[in-house]
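Me: I am new to this structure. Please take a close look at one part, the packing, and walk me through it in a connected way.

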Amino acid sequence: MNKKLAAALSGGAVLVLTLSGCSDDSDNKVNDWAKKVCDQVQPQLQKIANANASIQQQTADNSKPADVQKTDSAAFQQISQAYKSLGSAVDSAGAPPVDDGEATQKEAVKELNDSSKAYAGLKTKVDALDTKDQAKFADGLKGVADELNKISSGGDQALKKLQSGEVGAAMSKQKGCQKPSASTGASGSGAPDAGAGADASPEASTPSDKESKKPSDKESSDKESSE
């Protein structure tokens, strides 16, 4: 029921993480700016990754509509708040010390705030779905997933510009701007991989990797595998 939504979310939820390369050409001022932003960015990226994982956990065909609604609503709220905080982080850091830095910064902040509003809108739509009729709920959820695909695939040109050239190189070196591993909290079941298929984001495999390495003897391994 929730598979299309999970795939759409994992495919593009973290617009700000398209960093690549690790150039050393950027000067100290640019590096200082990147550190100021990335130190604030990491907790928000973690929230987005965790929200992504929680939706992926609700991908079973027998998941109850009310459970799916509750999970998806909370996840969209979390993502919305994270994008708003990301916008504040880029805004409070000031303009990056590069050509057109001020304009690029303002456009990136606007995009992040727009994404925050878009995910808040998705939360409202999920909250309004009819959970008493499973077929109707599934159809409504498909509409939410289609809307999510539009949000994920467009409107990030300013962010891409912010992450190019000197600024992008400086940000890519900062640990705070690296893609985090999803945490599933107390459940720790590794379920984020379920149903996401090839669209699952790389970080979603981390919890299951930890689970597979945790047992130290046969008995504990048998107990955990049965759970």
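Reply: **Packing, step by step**

Helices α3 and α4 pack at an angle of about 165°, and their axes lie 8 Å apart. That makes α3 roughly antiparallel to α4. The model is a predicted one, where local features need pLDDT of at least 70 and side-chain atom pairs count only at pLDDT 80 or more, while totals for chains, interfaces and linings use all residues. Residues are numbered from 1 along each chain as its sequence is written, and side-chain values use heavy atoms, with hydrogens and water left out.

Some terms come first. Helices (H or I, at least four residues) and strands (E, at least two) are DSSP runs, numbered from the N terminus. Axes are lines fitted to C-alpha atoms, for helices over the stretch in contact, and angles run from 0 to 180 degrees between N-to-C directions. Angles under 35 degrees count as roughly parallel, over 145 as roughly antiparallel, 65 to 115 as roughly perpendicular, and the rest as oblique.

Now the setting. The protein has 9 helices and 0 strands. Of its 227 residues, 44% count as buried (under 20% relative accessible area; exposed is over 50%, partly exposed in between, with a 1.4 Å probe and protein chains only). Contact means heavy atoms within 4.5 Å. Among contacts between residues at least 6 apart in sequence, 82% join residues at least 24 apart.

Back to α3 and α4. Their crossing is left-handed (the near helix is turned anticlockwise from the far one by less than a right angle; clockwise would be right-handed). The residues of this contact divide into 11 nonpolar, 9 polar and 5 charged. Here Ala, Val, Leu, Ile, Met, Phe, Trp, Tyr, Cys and Pro count as nonpolar, Asp, Glu, Lys and Arg as charged, and the others, Gly among them, as polar.

Helix α4 covers residues 101-127. At 1.5 Å a residue, its 27 residues should span 39 Å, and its end C-alpha atoms are 39 Å apart, which agrees. The expected span is 1.5 Å times one less than the number of residues. Buried residues of α4 include Thr104, Ala108, Leu112, Ser115, Tyr119 and Val126.

Asp100 sits in the loop between α3 and α4. Asp100 is not a glycine, yet has a positive phi of about 60°. Its relative accessibility is 54%, so Asp100 counts as exposed.

Next comes α2. Helix α3 (residues 65-92) packs with α2 at an angle of about 165°, with axes 9 Å apart. α2 and α3 are therefore roughly antiparallel to each other. α2 passes α3 in a left-handed crossing. By class, this contact has 14 nonpolar, 9 polar and 2 charged residues.

α2 also meets α7. The axes of α2 (residues 28-57) and α7 (residues 165-172) come within 8 Å and cross at roughly 55°. That makes α2 oblique to α7. The crossing of α2 past α7 is right-handed. From α2, the contact is made by Val30, Asn31, Trp33, Ala34, Val37 and Cys38. From α7 come Glu166, Val167, Ala170 and Met171. By class, the contact has 8 nonpolar, 1 polar and 1 charged residues.

Finally, α7 itself. Of its 8 residues, 6 are buried, so α7 is largely enclosed by the rest of the structure. The buried ones are Val167, Gly168, Ala169, Ala170, Met171 and Ser172. They pack against α2 and α6 (157-162).
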